[in-house]
Amino acid sequence: MKLAYWMYEGTAHHGVGRIANSLQKVHAVFHAPQGDDYVNPIFTMLERTPAFPQMTTSVVSGQDLAMGTVRLPETLRQIEAKLQPDLFIICASCSTILLQENLQVMAESAQTEAEVLVFDANPYIMQEIVAADKLFSLLIKRFAKKTPLTDMPSVNIIGPASLGFHVRPDMIALRRIMQTLGVTINATVPLGATLDDLRNLPAAWVNIAPFRELGHHAAHYLEDTFETPTLYDAPIGVQPTLKWLKTLVAMLNEVAIKLGKEAIDLPHLTKFSLDGQSAPSGVPWFARTADMESFSSKPAFVFGDATHTVGLVKFLADELAMPIAGAGTYLKHEADWMREELADYLADDSEFLVTDQFQDVAKRIEDLMPALVCGTQMERHSCRKLDVPCMVIAPPTHIENHLLGYTPMLGFDGADYIADKVYTTATLGLEKHLIDMFGDAGLDYDKSTSSEHEQQTIHHDPVTIDSTITWATDAEKVLGKVPFFVRGRVRKNTEKFANQHGHQTITADVLQAAREALGG
Amino acid sequence: MTNIIREDGAYHSFCGLTCVGWLYQKIQDSFFLILGTHTCAHLLQNTLGVMIFAKPRFAVALIEEEDLSKQAPELESLIDEILNDHKPSVIFLLSSCTPEVMKVEFQGLADSLTRPELPVLFVPASGLDYTFSQAEDSVLQALIPFCPEATEDDPQEVVFLGSVNDVIAGDFQLEAEKLGIPIAGFLPANRFDQLPRIGPNTVIAPLQPYLAKVAKRLKRQRGATVLSSLFPFGPDGTRRFWEDLAYEFGMQIDLSEREARAWHNISEHVDLLRDKKAFFTADNLMELPLARFLQSAGTEIIECSSTYINKRFHKAELEALEGVHIVEQPNFDRQLQDIANKQPDIVISTLATTNPLVGQGVVAKWSTEFAFMPIHGWTGVGTLANMFTKSIRRHAKLDPLDDDVWRVGIMPASIPVIRE
């Protein structure tokens, strides 16, 4: 047995929730204790969903177990009456799976109009990513039907899902590219898709499956069954995007020839820029400018899922000329593929770290002390302690990865975003030379990145504003208990209050009266 | 007698493990060890926003596939690791759903792990039986044997029950001293070795409304008196609390002026709360006293739901809420319909449901916030009132969200497909 402090991946039933919350008219039902409902707020809070996520915990309580009560059929009936979903996905949780109940029989006894899919998301065998991918493949296999190809060139975007890393801006980036190419998007699955979209997947000329973590198995099935050619690469960085575009156009044109349709041409690259008349990405020139020189001696360590880690290592090395100090992943099942992809970028295998223990990653970073870390939210925290610049490039997501602005990882736009992020995260060129030479001149450089705990120790209380008023020891003691970040304000307000009420000395009593009068 | 309607418990909330989030910070020399699964760890890191700065003083002893077939969990080496890394004075061993289903004998397990210098205390907290704030009750029950026994000869003293932060604790201490009420301490104290003595002359004054069982046990095992009053929230509750507590100590005091002053201090808030309609959907077990405060401020309580209600422990609150629609273990779908029909001005709801409610045009506020804010006693009155009015004011200030276009694409499962 081991102690777990933190997890890179969510649970299997969280993975199921991500698929259900992506699809329209599909509802996940967790046959689980009340506590397993915690996955619900992850969606409503991180994605700030203005509607209820399509998942319900059909509660199993200690009393239900003792009495043999099974609420699942009634739950299904209640949801059906309210929402009329087309499909129920039902799974057990880590505790209820041990009961070895037949969920299929239980679910069927509800006799719902909606189809029912009982998914064996065994949490002792799989976690979030594998569970989501397996369920998604099952759905594709169940619903995709032979369909005539569309008249015009079209693609499916396979793999984006609810709570995906920067998924909303990535979809904007891909839609922009398709618009520029004049290619229709037949379906985006599972994000926002209906079951009809799943049924109609084989109508697309080409499948785009940019994420190793979700959709490759489904895309392979579509390729094998319906002969839909599939582009599996992730267009991360400028050159990979160019290559990806050319491959896509070639794949589409192969279909065009078969169908006797007109071939498409790759438009002039300026057409891919935001205004349609500029360079599609600023990166190639930016990387050559003088102040980027210093980046060629800034070693970077990259850790995350498979897609983003591999994409980032190549981008930093190939397009910003940065040395790679090491890389790694928490996805053990992707390690072999990643090793192969990164063989040319790492000196030897010891530079590649495979672990799901964040302490191991923190230790590696501490050993390397790189100039830049690209990691998950956990590495961001580890790096704060080590005072190493860190940017977040991979899930698990955090509220700060669900921002409003256009922050794609894919395509030309993504390359610009990532390059900007690298530039603003690492300590800058000339500025760094100055600091190295002369110190930070007492400017408290980088204090903003220190953790809350550290801030406590560097904080100094402001001096008393009114020298005619004295603080009694007991009042000082109470004040000391007030959180440091509001202490100054409480001190000032209390002195104002004491002045108004003619107190020369602030006792604990006066302080309390002031806080009462001023509302805390 | 107030009528309590009981429904099927199909509500949204968290399990008892969430109390670790504040208790590990409150009891500074403790360690909270959860025997659980990946799910428990994922819950803790997500729901409480507990990102790890250093190694926190809580962790999950992870049950993995190979552990399912074992006779008993082998935790001895983990205890060594915890002792080495954290040097706690006490380890709380929390149960969770999976080992409950596996029928792990927790009491025996905790006893076998206990060392002379390090007690390991069993805390029932599983999501099969315990919700959100409720497991604090289990933690405090586990601490009872370590509270020194006061005797018949010891003086009459008060013990404040429930974890509050140091500032609030200081306020209650000061107030008690002013009233001449001798204090034995707080349960829990900041440290395991500072637990208060408790005996037949102790008056237990509950500060939190989710501690019915520990109060009952202190009465039964130590012969302590449990104060039956309102909980010290709002001017009305705080006045009743101190008057009733003083009465236990043979003093009849009248805090009516104090209460009036407190109401006066929040008059701006009260003006806003008067004649508004509020709805509590059930989550943190603080619903009864919060609703009672709002009612005293002139708000109409459309519904006050709570996950568990204890008729004895919550007696005074229930009496104060006479005539209000009170539901235990509510059904959230039924609540949604009632919210749509009755159009409350503010809904106090869970982390899971607040944003979707706001999406339906409802002014909704996180119930969880109340569990983490200094809203107790006289000094908490302003904070408490502001919690409610802040939401109402903020939503009134913002432009009306009168065009669906502002929400297009935000809900992944309902991204409109625009087909040309």
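Two strands count as paired if DSSP finds at least two bridges between them. Helices (H or I, at least four residues) and strands (E, at least two) are themselves DSSP runs, numbered from the N terminus. With that in hand, let us walk through this predicted model, in which local features need pLDDT of at least 70, side-chain atom pairs count only at pLDDT 80 or more, and totals for chains, interfaces and linings use all residues. Residues are numbered from 1 along each chain as its sequence is written, while chains are lettered from A and ligands numbered from 1 in the order in which they are written.

**The sheet of chain A**

Strand β2 (residues 26-32) of chain A runs parallel to strand β4 (residues 87-92) of chain A, and six bridges link the two. Within this pair, Val26(A) faces Leu87(A) of β4(A). Both strands belong to an open, parallel sheet of four strands in the order β3-β2-β4-β5 (chain A). At its edges are β3 (55-59) and β5 (115-118) of chain A, each pairing on one side only.

**The sheet of chain B**

Strands β10 (residues 277-280) and β13 (residues 346-349) of chain B are parallel and joined by three bridges. There, Phe280(B) stands opposite Ile348(B) in β13(B).

**Helices on the sheets**

Contact here means C-beta atoms, placed from the backbone, within 7 Å. Axes are lines fitted to C-alpha atoms, for helices over the stretch in contact, and angles run from 0 to 180 degrees between N-to-C directions.

| α4(A) | β2, β3 and β4 of chain A | about 155 degrees with β2(A) |

**Where the chains meet**

Chain A brings 64 residues to the contact and chain B brings 69 residues. Elements of chain A that each supply at least two residues to this side include β1 (2-4), α4 (72-83) and α21 (508-517). A strand pairing also crosses between the chains: β1(A) and strand β3 (residues 58-62) of chain B are antiparallel, with three bridges. In that pairing, Ala4(A) has Val60(B) of β3(B) as its bridge partner.

Notes
Two residues are in contact if their C-beta atoms, placed from the backbone, lie within 7 Å.
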